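Visitor: I would like to go through this model with you, starting with its pockets. Could you bring it up?

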Amino acid sequence: MRRVHRLALLSLLAVLTGCGRSDVVVGSKDFNESTILGEVVAYYVESNGASVEHRQRLGGSPVVWNALLSGEIDVYPDYTGTLRQELLSELKLKDDDELREALEERGLRMTRSLGFDNSYEIGIPNKPTAEAARRFGTDDLSDIRTISDLRRYPNLKCGFANEFVKRSDGWEPLKRVYALPQDDVLPLEHDFAYIGLANGDIDVMDVYATDAKVKVYDVRVLVDDENFFPEYEAVLVYRADLEERAPEVVSAIRRLEGKIDVDTMTTLNARTMLGGEEAARVAADFLNTTFGLEIVPKVPSIFERLARYTWQHLLLVATSLSAAIVVAIPVGILAAKQRQFGQVLLAAIGLLQTIPSLALFVVLIPLCGLGALPAIVALFLYSLLPIVRNTCTGLTDIPAGIHESAQAIGLPLFVRLWKIELPLAARSILAGIKTAAVINVGTATLGGFIAAGGYGVPIFSGLRLGQPYEMLEGAVPAALMALAAQGVFELAELVCVPRGLRLKPAD
Amino acid sequence: MLRLEGVSKSYGGTTVLPRTDLELQSGRVTVLIGQSGCGKSTLLRLLMGLVEPDEGTVWFGDEQVAGDQVLELRRRMGYVIQDGGLFPHMTARGNVELMPRFLEWSPDRLRDRVAELAALVDLPVETLERYPAQLSGGQRQRVSLMRALVLDPEVMLMDEPLGALDPMIRAELQRDLREIFRRLEKTVVLVTHDMNEAAFFGDDVILMRDGHVEQRGPISELLERPATDFVREFTTAQRAVLGVTS
C-alpha cells in the first residue's frame, strides 16, 4: 500500500517536472513575444508530426539559456543582440559568424533570422504630463528626436526593465556612450513602465521595436544616432544534438526562418497584449495563414484551466506540506527535548523564513532546475518553522506534573511521547500545520514565476499583461483554497485533539 | 528498603540537598516535612530516579535506582502528586489502565484489579468513564491513587497529595488514606508542609531544613524534645495555628 502511494507520488512529480519527455521541449522567456514565438515553434513542429512540450515563461534570459545548456529544453527563441551582448558578452563577439562558432563550442546552434530585428529603443512620452513637463522644462518635446538630445535634460526619471538596467548592452554602457547625465533610475517590470510613462512617474523607458504598446501609450521612440544598440535579430537557438535525435524537428524549425517580419510580430504582440487573445490562438492563426495549415489551437476552457491550476497548486501544497510535517514534527520534538540545541535549531529555521520567498524560489533553480521541484523545496522550507515551533511549544507547555507522572509510572521514552506528550501537544501541532498550510497556499502562487504551475500562472500572466480578470482566475481560487485548508484542519482538530482536552473543567 | 547513600544534589550552583545518608523503614509511613524549598520534593524525586544525584547512590532494596533498571523500579513504586498529575486526554479508567495495558495484562485480570481498587479508594465505578476535567479535586486524587496502586507497588511516594484540596474533602481523604495505608501495609513516603497532616500519618517524621535533616523521630518526640531551636519554632508555629491532634 505504502509503495503504491510512493509510486503515485513519483509519477505525479515526473509529470510535473517533465521527466516523461516529448520529442522536443520548447522553452520561452517570461515575456509576451517570447511566449508567442514559443507557441509558433511548438505548433509548427507538432504539425510536422513530432510530440512537443512547450515550457512557457521559464524566466529571464539567463534562466532559459541555462535550461538549454543543461538539456532541460531543446530550443527557444532569442535575439542575436542578447546572445552576443548579454549571455556571451565576455567573448566580445563581433558578428553573427563568431556567435555561431561560440554556440557550436557549447553544443548549440541557431537558425537564421526569423525575419525581424527587435532592437532595444529608448522612448519618451509624446505629450508629457504637467509633472513630467517640469522635469523636461517644457511641455513641447518635439525637439527631442535622438538619444543624444536627452543630454540636455539631466533631471529626467528613468524607468527601465530589470534586465535592461544590468545588461552589458543596457543602461550603464548606453549612459557612457551617449554621456547621459540622468542618475534617477527605477528598475521595474517592463509592462508597468508604460503606465509609469503615461502617468508622468517616469520620463524615459526602454522599449522593443515590436512593442505593441508603443502606439497605445503614445510613446515617442528616439533615434539611436550613435548606433549603440546592436542588432537583435530574432532567432531560434537549439541544441546541436537535436539534429541527430530529431532531424525532422530541426528542418521544421529552419522553415520558420524569414517568415515573421516586424509588422507581423508587432501585430501578433498587439493581439495578445492589447486584444487579450491567447498566445496559442495567435500563433496558430499565424501558422495557418503563412503555411496554409489547419491547426486548431488548444485553448483550454476556463474550467479546464481552473482544474489544471487547482491540481498543480494542490500538488505543490500537498507534497511540500506533507514533507514538512514528516520532518518538522521530529525536529520540533528534538527542539523540545534538547532545549539549548532547540534554540539554535529554531533560530536557524527562523532565518530561513526571512529569505524573501521569490528570492528563495529563484535561488533554488540552479540546484533543482525549473518547474515544480524548486517550488516544492521552497514551500517545504517555509512550512518548517510554524510546525517545528508549535510542536516544540506544544510539548514544552505540558505541565511539569504531567511530565513527571508520565515518567514516574514507568513508561519508556517513546511510549511516553506517543501516548502522552504528542496527544497533549496535538492542538498546538495542528495549529502549526494549519498556519503552514494557509501560508503555503498563498506562497505557492509564486510558482507562477518559475514554471511550477498552479494559481500563480494566471496571476503573473495577468499582472504582466495588465489584465485583472486573468489575475482573478488565480487569486480567487487561491483564496478559496486557503479557506478550505483552514476548514479541513479545523475538522481535523475534532478528530486529532483528544476529547478530554476539549472539555471545560467541572469545578 | 529505600536508602540514600552519600547523595547530594544541586541545581545551577544552588545546593538543594547536601551530602545525605538516609534510610526509610519498610511497611511504615515516613513523613518528610519542612518549609517549601527545603529539599523534601527533591528527595522524593531522587528516590524515584526522576532526578539523578550529583554524587552518591539511591538504593531500592539491593538495586541501584539508576541506569537501565530505573523504569523497572519505578513500576514498583507508586507516585501521587499534589494535583494528581492525571493525563487530561484519557478518562479516569484510561489513566488507571495505562500501565497494565502497556504490560499486556489479560482483560480479566485488569477488570478485577480496577474494580478492587475502585472499592478500596471508595470511588463509584461509573466515575471512571469521566475525563479528569469532569472530576472534582477529591475524585482526581482518588483516581491518581488508583493509578499509583494498580501495579501493586511495594512503595508509595506522595508529594503533598492533599495540598490542593479544600478542608472538608481533605479531612475525609486523610482518613481514607490512613486506612488504606494501614490495610496495605506498604512503605509510604509522604511529603507535606503541614504539621497536622504529619502528626496524622507519621510513624516516623523527618523534619528538613535547607536540605538536611533537622530532626527525625516519632511526632511526639519532635513536639516534646525538639533537637534545635528551628524544630521548636516550626512545630510551635504550626501548633499555634492549627492545634495538633494526634
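Visitor: What volume does the second largest pocket have?
Guide: In this predicted model, the second largest pocket has a volume of about 1200 Å³. On a 1 Å grid over the protein atoms alone, a pocket is an open set of points where a 1.4 Å probe fits, with protein on both sides within 12 Å along at least five of seven lines. The volume is the space filled by probe spheres set on the points, which are joined across faces, edges and corners.

Visitor: Which residues are the closest to its centre?
Guide: Of the 47 lining residues, these are Asp30(A), Gly59(A), Gly60(A), Ser61(A) and Glu163(A). A lining residue has an atom within 4 Å of a point.

Visitor: And which helix gives the most to that lining?
Guide: Helix 3 (residues 61-69) of chain A does, with five residues. Helices are DSSP runs (H or I, at least four residues) and strands are runs of E (at least two), numbered from the N terminus.

Visitor: How does the lining divide by class?
Guide: It has 21 nonpolar, 13 polar and 13 charged residues. Ala, Val, Leu, Ile, Met, Phe, Trp, Tyr, Cys and Pro count as nonpolar, Asp, Glu, Lys and Arg as charged, and the others, Gly among them, as polar.

Visitor: New topic: how many salt bridges are there over all chains?
Guide: There are 47, each being a side-chain nitrogen of Lys or Arg within 4 Å of a carboxyl oxygen of Asp or Glu. One of them joins Arg135(A) and Asp203(A), at 2.7 Å from N to O. This pair links distant parts of the chain, 68 residues apart: Arg135(A) lies in helix 6 (residues 130-136) of chain A, and Asp203(A) in the loop between helix 9 (190-199) and strand 8 (204-208).

Visitor: Are those two buried or exposed?
Guide: Both Arg135(A) and Asp203(A) are buried. Buried means under 20% relative accessible area, exposed over 50%, and partly exposed in between (1.4 Å probe, protein chains only).

Visitor: What about Asp108(B) and Arg111(B)?
Guide: They form a salt bridge with the closest N and O atoms 3.3 Å apart. Both lie in helix 4 (residues 107-120) of chain B, three residues apart, about one turn of the helix. Asp108(B) is partly exposed because its relative accessible area is 46%, while Arg111(B), at 53%, counts as exposed.

Visitor: Which residues are linked in a network of salt bridges?
Guide: Asp74(A), Arg239(A), Asp241(A) and Arg245(A) are.

Visitor: Finally, what conventions apply?
Guide: Residues are numbered from 1 along each chain as its sequence is written, and chains are lettered from A in the order in which they are written. Local features need pLDDT of at least 70 and side-chain atom pairs 80 or more, whereas totals for chains, interfaces and linings use all residues; side-chain values use heavy atoms, without hydrogens and water.
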